[in-house]
Amino acid sequence: MNNYHRVSGFTLVEIIVVLVIAAAAAAVVAPNLGGSMARNQLTAAVRDIASGLRYTRGHAMNSGRPAEFWLDVNGHRYNAGERSKPRSLPDSVKLSLVTAATQTAADGWGFIRFFPDGSSTGGKIILESAGLSRQVEVNWLTGYVRVLGDGNVGEATSTSSGQAYQPRR
């Protein structure tokens with residue numbers, strides 16, 4: 001009579017094989033996650049800036065006083081209207097501001113002013129990351145904020161009526 005009783009489970013070899021396969025899969029997937037994270041940060045930054053611009057326009061119209069959207073291209077932050085503190089943007093997103101020369105300062109700050117009738121000084125904010133370029137445009141006559149998407153870096157150019165402000169590197 002054989003009293004030998006077999007215990008179910010995995011052998012050490014089987015566990016090692018599974019770990020090697022999992023490590024190989026992680027090595028293939030992990031580099032691809034970085035690009036999608038950068039794209040997601042770009043999309044979030046574009047939406048954040050567009051929202052801030054729309055907030056500033058609405059504030060000017062509701063208060064009956066001009067309001068300014070300030071952007072710090074060097075510090076990756078902005079201040080919308082009379083919000084108490086600047087909001088941060090991801091460092092991985094490169095910022096450029098295209099607006100009138102009188103609307104920029106030497107330290108990297110610039111602004112777009114909105115008036116109580118909804119109009120503005122106009123301008124364009126260019127955001128670049130992960131090989132993509134997106135623009136948030138503000139129409140000077142109507143103050144309408146529009147997002148232009150998914151261009152390749154280098155396609156965004158300034159117009160003859162504006163000045164592109166690039167941060168110093």
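**Exercise 1. The nonpolar patch**

Which residues make the nonpolar surface patch of about 360 Å² in this predicted model?

*Solution.* Step one: list the members. F10, I15 and L19 make the patch. Step three: classify F10. Its relative accessible area is 70%. The cut-off for exposed is over 50%, so F10 is exposed.

**Exercise 2. N79 and its contacts**

Is N79 buried or exposed, and which residues does N79 touch beyond four places in sequence?

*Solution.* Start with location. N79 lies in strand β2, residues 77–80. Next, accessibility. N79 has 17% relative accessibility. Buried means under 20%, so N79 counts as buried. Last, the contacts. N79 touches E68, F69, W70, K85 and P86, with residues up to four places away in sequence not counted.

**Exercise 3. Q135 in its strand**

Where is Q135 found, and how many Å separate Q135 from V147, C-alpha to C-alpha?

*Solution.* Find the strand. Q135 is in β7, which spans residues 132–138. Then check burial. Q135 has a relative accessible area of 13%. That is under the 20% cut-off, so Q135 is buried. Now take the pair. Q135 and V147 are 12 residues apart in sequence. Their C-alpha atoms are 5.8 Å apart in space.

**Exercise 4. Confidence**

Over which residues does pLDDT stay under 50?

*Solution.* Begin with the whole protein. The average pLDDT is 84, and 82% of the residues score at least 70. Then go local. pLDDT stays under 50 over residues 154–169. For this stretch the model has 34 contacts beyond four places in sequence.

Note on methods: Residues are numbered from 1 along each chain as its sequence is written. This is a predicted model: local features need pLDDT of at least 70, side-chain atom pairs count only at pLDDT 80 or more; totals for chains, interfaces and linings use all residues. Side-chain values use heavy atoms; hydrogens and water are left out. pLDDT is the predictor's confidence in each residue, from 0 to 100. Contact means heavy atoms within 4.5 Å. Helices (H or I, at least four residues) and strands (E, at least two) are DSSP runs, numbered from the N terminus. Buried means under 20% relative accessible area, exposed over 50%, partly exposed in between (1.4 Å probe, protein chains only). Patches are made of residues with over 30% relative accessible area and no salt bridge: like charges are joined within 9 Å, nonpolar side chains (Val, Leu, Ile, Met, Phe, Trp, Tyr) within 5 Å. Accessible areas come from the Shrake-Rupley method with a 1.4 Å probe; for residues, only the protein chains shown count as cover. A salt bridge is a side-chain nitrogen of Lys or Arg within 4 Å of a carboxyl oxygen of Asp or Glu.
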